[in-house]
Amino acid sequence: MNNLPKVHVVGLTWGHVSQDLLALPPQDIILASDVFFEPEDFEDILTTVYFLMQKNPKVQLWSTYQIRSADWSLEALLYKWDMKCVHIPLESFDADKEDIAESALPGRHTVEMLVISFAKDSL
């Protein structure tokens with residue numbers, strides 16, 4: 001969308017295998033901002049990521065998300081899909097402030113970053 005060379009943007013519906021998803025070549029990184037919004041969608045997201053990991057077992061999902069409930073967890077689903085998650089401290093890339101890039105984000109919300117990959121591969 002920003003006229004970047006060699007960047008192909010495809011809309012996805014988590015949990016559904018579409019023609020666009022089937023046609024994607026192996027990916028190295030999947031960027032997903034605030035997709036872990038509703039717990040009932042968590043498995044659909046990880047199912048789609050698992051499908052993409054079948055094409056490239058070294059692919060990583062990089063995601064930031066707002067913590068909405070301390071009771072919500074990906075742990076059981078990560079285990080089910082043979083994935084692991086590494087927490088990336090926001091201060092490691094200077095994003096632990098109340099405003100980032102001259103915006104009001106994240107404000108007073110608690111935002112986390114994680115990297116999900118197959119459990120057998122190391123970051």
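Q: Which residue in β4 is the bridge partner of L61?
A: Strands here are DSSP runs of E, at least two residues long, while helices are runs of H or I with at least four, numbered from the N terminus. Two strands pair if DSSP finds at least two bridges between them. In this case, L61 has I116 as its bridge partner in β4. Strands β2 and β4 (residues 111-118) are antiparallel and share six bridges. By the way, this is a predicted model: local features need pLDDT of at least 70, side-chain atom pairs count only at pLDDT 80 or more, and totals for chains, interfaces and linings use all residues. Residues are numbered from 1 along each chain as its sequence is written, and side-chain values use heavy atoms, with hydrogens and water left out.

Q: How many aromatic pairs does a search of the whole structure find?
A: A pair of aromatic rings is described by the distance of the centres and the angle of the planes. Rings of Phe, Tyr and Trp (its six-membered ring) pair with centres within 6.5 Å; planes under 30 degrees apart are stacked, over 60 edge-to-face, the rest tilted. The search turns up two pairs. Y50 and W81 make a tilted one, with 4.9 Å between centres and 55° between planes.

Q: Why is the pair of Y50 and F118 edge-to-face?
A: Their planes sit at 85°, with ring centres 5.7 Å apart, so the pair gets that label. Y50 is in helix α2 and F118 in strand β4, so the pair ties together parts 68 residues apart in sequence. Y50, W81 and F118 form one aromatic cluster.
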